[in-house]
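The sequence and structure are shown first.

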Amino acid sequence: MKKELFGEKIRIRRKSLGLSQEALAKRIGYTSRSSINKIELGINDIPYTKLSVIANALETDINYFMSSDDIEIAQLNKIISELPKEKLTILLEYAKILNSEDDAKLQCIPYRTQRYN
């Protein structure tokens, strides 16, 4: 798994538990939050020996880091977090259409996306 995605999964799980980077660092045995920040940003690798420690600190198991559903969610979260506001608004509108039961709305998506390619 790419370091960035692994870091994103850590960030998502940490936030879902309401933990700060500093609190997670203490749980893992690091002295500062900067180590967690660098892991979440994909700058630092995580030694294999620390993987189970991190999983325990995040109240999960190692399989959490390998789940493809979570990888896709992490990728999507990363993309969304980097979008400018105007594109985020467009994405939200498309998400509403995709979530719609109206087939006519769904059929217009390929046409609309061709205009942006």
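## Overall fold

What share of the contacts in the protein with a separation of 6 or more comes from residues 24 or more positions apart? Such residues account for 56% of these contacts, where contact means heavy atoms within 4.5 Å. The model is predicted: local features need pLDDT of at least 70, side-chain atom pairs count only at pLDDT 80 or more, and totals for chains, interfaces and linings use all residues. Residues are numbered from 1 along each chain as its sequence is written, and side-chain values use heavy atoms, with hydrogens and water left out.

The protein has 8 helices and 0 strands (DSSP runs of H or I, at least four residues, and of E, at least two, numbered from the N terminus). Of its 117 residues, 26% are buried (under 20% relative accessible area, with exposed over 50% and partly exposed in between; 1.4 Å probe, protein chains only).

## Nonpolar core

The largest nonpolar core holds 16 residues, of which I10, L24, I54 and F65 touch the most other members. Such a core is a set of buried Ala, Val, Leu, Ile, Met, Phe, Trp, Tyr and Cys residues joined through side-chain atoms within 4.5 Å. Two or more residues each come from α1 (3-16), α2 (21-28), α3 (33-40) and α4 (48-57); α4 gives the most, with 4 residues.

Beyond its neighbours within four places in sequence, L24 contacts I10, R14, L19, I36, A57 and L58.

## Helix α4

The buried residues of α4 are L51, I54, A55 and A57. Seen down the helix axis, they fall within an arc of 155° and so line one face of α4 (the arc is that of the directions from the axis to the C-beta atoms). Their cover includes α1 and α2.

The face of α4 turned away from its buried side carries the exposed residues T49 and N56. After α4 comes E59, with a positive phi near 55°.
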